[in-house]
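Hi,

Here is the structure I promised to pass on. Have a look at it first, and then read my notes below.

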Amino acid sequence: MTYNNKMNFLSSLPLYIERGGGFMDELQLINRAKQGNKSALNTLLSNNYAILKGYIIKMIGNPELSQDIIQEAMLKAVLNINKFNPEAKFSTWLIKIGTNIYIDYLRKNKTMEMISDFLESKEGNPEEITINNIEYQEVMNILMSLTYEKRAVFILKHYYGYKYEEIALILNCPVGTVRSRLHNTIKHIVSEFERKELI
Amino acid sequence: MMKNRDKLQNQIIDEYYGEALKSCLSTEDNFADDMENTLAKMNVIKDLDYPLDINILEIIAKAEVIRDRRKFKFEAAGFILVCLITASILGTLLFHTGPKIYLYIQAAISAVMPLIVIPIAINCKSRGEA
């Protein structure tokens, strides 16, 4: 490990502690997975499946494409597990792989179809359900109108509480760019809500 | 004026996400309230979920097949390369020194090979058992 790597590793430690521990467990699982332990690999992927799924579904808004991208991301993660350097969390790495696969997909396919599905609501009266569905559609439309870079920054920050540094690592861009993208995105979303008189 | 308002809004966003210290900032247009209401509405997709057909064990098995195929290709390429190098070295020696060298090399290989191959085989076997 070089001096810089050591310093990066030490500086990233507080992130794990801050996120409620689980770092040692994950590190042990990663080490076992690198040695070829399938059970450890399975646990590692299962533990991080929900976050990857949620992120990709929100990014894409299309279940079929989401499924393909999640499967490919997991496959790539298994194939390249030995290249994973535990300077960052495993979920960060997994999301980075998923994002790169999605970017590749966007390069190959210029257009993407969003599925206009409705939220399944078990609670509330029909009026509330209808209002929720309208809001859901509006939210998805606003989210999909953003560029993928801005969408990724917003989703990672708003729904998953990632820090600017972690998002910068995922999207491979400077922290300042992440910050300005988030600022612009939120101002845009607020203005869209105002324009559509949703608030 | 516009720049100041932008800066204030940026500060409010950073504060909202805990990336800046709280400092009771406010703008004339109630940006903080509007932002909080908007972001609360954005939470309608927070738990968005679709049933997906993903089997992690199947993915791991598929990855193993791909890895084995890659390993086989790599080993086959390595074997062919070593064969080509050996054949070309033997050919060059044969060309420069005559056919006698071929017999010497064969005798040397017959004598030395068991001393190399047997320990390696024992080592591989014991590793496999462990």
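C173(A) is a buried residue, its relative accessible area being 15%. C124(B) takes part in no disulfide, and the nearest cysteine sulfur, which belongs to C83(B), is 18 Å away. As a reminder, a disulfide is a covalent bond between the sulfur atoms of two cysteines. Please keep in mind throughout that this is a predicted model.

**Chain A on its own**

Now for the overall picture of chain A. Of the 199 residues in chain A, 46% are buried. If you take the contacts in chain A with a separation of 6 or more, 63% of them come from residues 24 or more positions apart.

Is S91(A) buried or exposed? With a relative accessibility of 2%, S91(A) counts as buried, because the cut-off for that is under 20%.

Which residues does S91(A) touch, leaving aside its neighbours within four places in sequence? They are N48(A), I51(A) and Y162(A). As for Q67(A), it is 24 residues from S91(A) along the chain, and the C-alpha atoms of the two are separated by 17 Å.

**Where chain A meets chain B**

On to the interface. The contact draws on 45 residues of chain A and 36 residues of chain B. Within chain A, the residues that lose the most area to chain B are L79(A), H158(A) and K187(A), together 15% of what that side buries. The size of an interface is often given as the accessible area lost when the parts come together. Here chain A and chain B bury about 4100 Å² between them, and 68% of that is on carbon and sulfur atoms.

There is a polar side to the interface as well. Between chain A and chain B, 20 residue pairs are in polar contact, counting pairs with both residues at pLDDT 80 or more. Which helices of chain A each supply at least two residues of the side that touches chain B? They are α3 (38–60), α4 (63–79), α6 (126–145), α7 (148–159) and α9 (175–195). By type, the residues on that side of chain A divide into 27 nonpolar, eight polar and 10 charged.

**Salt bridges**

How many salt bridges are there over all chains? A search of the whole structure finds nine, and across the interface of chain A and chain B the rule finds six.

E135(A) counts as buried at 19% relative accessibility, whereas K41(B) is partly exposed, with a relative accessible area of 26%.

Next come E138(A) and K196(A), whose side chains meet in a salt bridge (3.0 Å, N to O). E138(A) lies in helix α6 of chain A and K196(A) in the segment after α9 of chain A, so the pair ties together parts that are 58 residues apart in sequence. Both residues are partly exposed: E138(A) has a relative accessible area of 22% and K196(A) one of 29%.

R107(A) is exposed, its relative accessible area being 58%, while D104(A) counts as partly exposed at 31% relative accessibility.

Best wishes

Conventions:
Residues numbered from 1 in each chain as written. Chains lettered and ligands numbered in written order. Predicted model: local features only at pLDDT ≥ 70, side-chain atom pairs only at ≥ 80, totals over all residues. Heavy atoms only, no water. Contact = heavy atoms within 4.5 Å. Buried area = accessible area lost by both parts, 1.4 Å probe. Salt bridge = Lys/Arg side-chain N within 4 Å of Asp/Glu carboxyl O. Polar contact = N/O pair within 3.5 Å; in protein donor to acceptor, adjacent residues only side chain to side chain. Helix = DSSP H or I, 4+ residues; strand = E, 2+ residues; numbered from the N terminus. Nonpolar A, V, L, I, M, F, W, Y, C, P; charged D, E, K, R; others polar. Buried < 20%, exposed > 50% of the residue type's maximum accessible area, 1.4 Å probe, protein only. Disulfide = S-S within 2.5 Å.
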